[in-house]
Number of protein chains: 2
Amino acid sequence: MDLIEIPDRKDQLREVAQTLFKEKGYAGSSMRDIAQIMGIEAPSIYNHVNSKHDLLKRICFEIADKFILIINNIKKSGSSHPAITLQTIILEHVEVVTENHDASAVFTNEWRFLEASDLDNFIKLRNKYERFIEKTIKDGLEQGIFKTNNTKLVTLSLLTSLNGIYHWYNPNGRLKAEDISHNIMNLFFLGLKR
Amino acid sequence: MDLIEIPDRKDQLREVAQTLFKEKGYAGSSMRDIAQIMGIEAPSIYNHVNSKHDLLKRICFEIADKFILIINNIKKSGSSHPAITLQTIILEHVEVVTENHDASAVFTNEWRFLEASDLDNFIKLRNKYERFIEKTIKDGLEQGIFKTNNTKLVTLSLLTSLNGIYHWYNPNGRLKAEDISHNIMNLFFLGLKR
DNA sequence: CCTACCGATCGGTAGG
DNA sequence: CCTACCGATCGGTAGG
C-alpha cells in the first residue's frame, strides 16, 4: 500500500547510462564506469542488457518515439491550421526535452554510434519528424500565414534550437517548459525586431 | 615561381583529424585511424604533435580564435547600432562555419574532451563570444530596436542555429554562405509569420 | 619515418 | 550478482 515505485534494474541502468553518455559521450563512457556508479561489477550489467549498444539504442529510441508520438497525436486530432500545429509541436517538443534532458542530449549527440540496422531505423524516425515540421511550414507558406525563402533552414534552425535546450535548461530554475515554449514561439514567429 | 602550396605535415594531420573527429567523435577516433588515412604508422604522428589532445586543442582553438576575431573587429570598427552589429556577427559566423565545416563540428561537439587547462581557456573564449552577442541584444532592447522576454534564449537559439549549419551545409551546393546568413537574419529578425 | 613494444583499458564471456 | 579472464585495441615511448 505504501509502495514506493522502485525502478527496476534495467531502468536504473538506462538512467545511469544516459547521464554518463551525455557527460562523456558514448565512446568516452565505459561499461566499467556505469557499473561503478551502479555499485556493481561490469559483467553484472550483462544480466540486464545485451550490450553497450543496446543501452544506447534504448535511450535514443525512447526519445525518438516521444517525438513521433507528438506528430501522431496531431495527425489524429485533425487540426489543420499550420500555426497551431507548429505551436503544438514546439510546446510538446520542449516538454520532452525538459523532462528528459539527459536522454535528449544523448538523442541529439550520440545517435551516430548506433549499430547499422538501428541507425537506419533511427534516421527514418528522425526524418519523418523533420519532414512533418517542414510540411507544416510549407502549408503555412501556401496559406499565406508564413513567410520564408528557405523552409529547410527554418525547420533545422527551429529543431536545433529546440534540441539545444538541454544545454542550458535547469530543472530547478524558475523557467518552466511552458515559458521556454512561449519564448521560442515568439522568437520564431515574430522575430527579434520590434 | 610555380610553387603549389603544399600544406605541411602538421596541417595535413589537423585536417585529417578534424574530418575524423567530426565523423566518429574524439573518443571514437584513434591515432591509428588517423595514421591509416595519412598512410603512415601511428607512432610517426608523434613527430608532429605531442598527443591526441594536442590535435583536438589545435582544432578547437583555431575556430574559437576566428569567432573572437569577429567581435574584436567589430569593437575596433566602433560601429554601435545593435542590429548592424548582430548582422555582422551572423554574416561572419556563417562564413567561419561554412569555410571550416569539419573543424566547426569539432568545435561544437568535441570541446568537452579538451584537457582541464585548455578546457578552462576554451570556455572563457566561448563565454566571451556569447556574452558579446547577449550584450548586443540587450543594447538593442534598451534602444527599443529589439523585443524579447528572454535574451539568453535568443542568444543561445541563434548560436545553436549558426553552429548547427555544418549539419546540412553542402560546400558544393547552390546555397552560399551569404544566402544562409540572409535567411538566418530574416528568420531571427522578422520571424516566420507574414 | 619505421619496428617493436609498453601498461592500461576496452566490451564481453565462462562458469558458478 | 561475482571472480577470473579473453582477445583486441588504446595512447604513447624507446631506439634507431
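Visitor: So helices are DSSP runs of H or I with at least four residues, strands are runs of E with at least two, and both are numbered from the N terminus. Which helix does Ser181(A) lie in?

Guide: Ser181(A) lies in helix H8 of chain A. Before we go on: this is a predicted model, where local features need pLDDT of at least 70 and side-chain atom pairs count only at pLDDT 80 or more, while totals for chains, interfaces and linings use all residues. Residues are numbered from 1 along each chain as its sequence is written, chains are lettered from A and ligands numbered from 1 in the order in which they are written, and side-chain values use heavy atoms, with hydrogens and water left out.

Visitor: Okay. Is Ser181(A) buried or exposed?

Guide: Ser181(A) is buried, at 1% relative accessible area. Buried means under 20%, exposed means over 50%, and partly exposed is in between (1.4 Å probe, protein chains only).

Visitor: And how far is Ser181(A) from Glu95(A)?

Guide: They are 86 residues apart along the chain, and their C-alpha atoms are separated by 8.4 Å. Asp65(B) lies in helix H3, residues 52-77 of chain B, and counts as partly exposed at 45% relative accessibility.

Visitor: Let's zoom out. How many helices and strands does chain A have?

Guide: Eight helices and zero strands. Along the sequence the pattern reads α-α-α-α-α-α-α-α. The C-alpha trace of chain A spans about 60 × 40 × 35 Å along its principal axes, and buried residues make up 48% of the 194 residues in the chain.

Visitor: What rotation puts chain B on chain A?

Guide: A rotation of 180 degrees, with 0.0 Å of shift along the axis, superposes B on A with an RMSD of 0.0 Å. That is the relation of a two-fold axis.

Visitor: Which residue of chain B comes closest to the rotation axis?

Guide: Gly191(B), with its C-alpha at 1.9 Å.

Visitor: New topic, salt bridges. How many are there over all chains?

Guide: A search of the whole structure finds 20. A salt bridge here is a side-chain nitrogen of Lys or Arg within 4 Å of a carboxyl oxygen of Asp or Glu. In general, side chains of opposite charge can pair when their charged atoms come close.

Visitor: How about Glu110(B), which side chain does it meet?

Guide: Glu110(B) pairs with Arg112(A), at 3.0 Å from N to O. Glu110(B) lies in the loop between helix H5 (101-109) and helix H6 (116-142) of chain B, and Arg112(A) in the loop between helix H5 (101-109) and helix H6 (116-142) of chain A, so the pair joins two chains. Glu110(B) is buried, at 2% relative accessibility, whereas Arg112(A) is partly exposed at 23%.

Visitor: And what does Lys138(A) meet in a salt bridge?

Guide: Glu134(A), at 3.9 Å from N to O. Both lie in helix H6 of chain A, four residues apart, about one turn of the helix. Lys138(A) is partly exposed at 41%, while Glu134(A) counts as buried at 13%.

Visitor: What about Lys135(B)?

Guide: Lys135(B) forms a salt bridge with Asp139(B), at 3.2 Å from N to O. This pair lies in helix H6 of chain B, four residues apart, about one turn of the helix. Lys135(B) is partly exposed at 47%, and Asp139(B) is partly exposed at 23%.

Visitor: Which residues are linked in a network of salt bridges?

Guide: One network links Asp11(A), Arg14(A) and Glu62(A).

Visitor: Where is Glu92(A) found?

Guide: Glu92(A) is in helix H4 of chain A, and is partly exposed with a relative accessible area of 33%.

Technical notes
Copies are superposed by least squares on the C-alpha atoms of residues with pLDDT of at least 70 in both.
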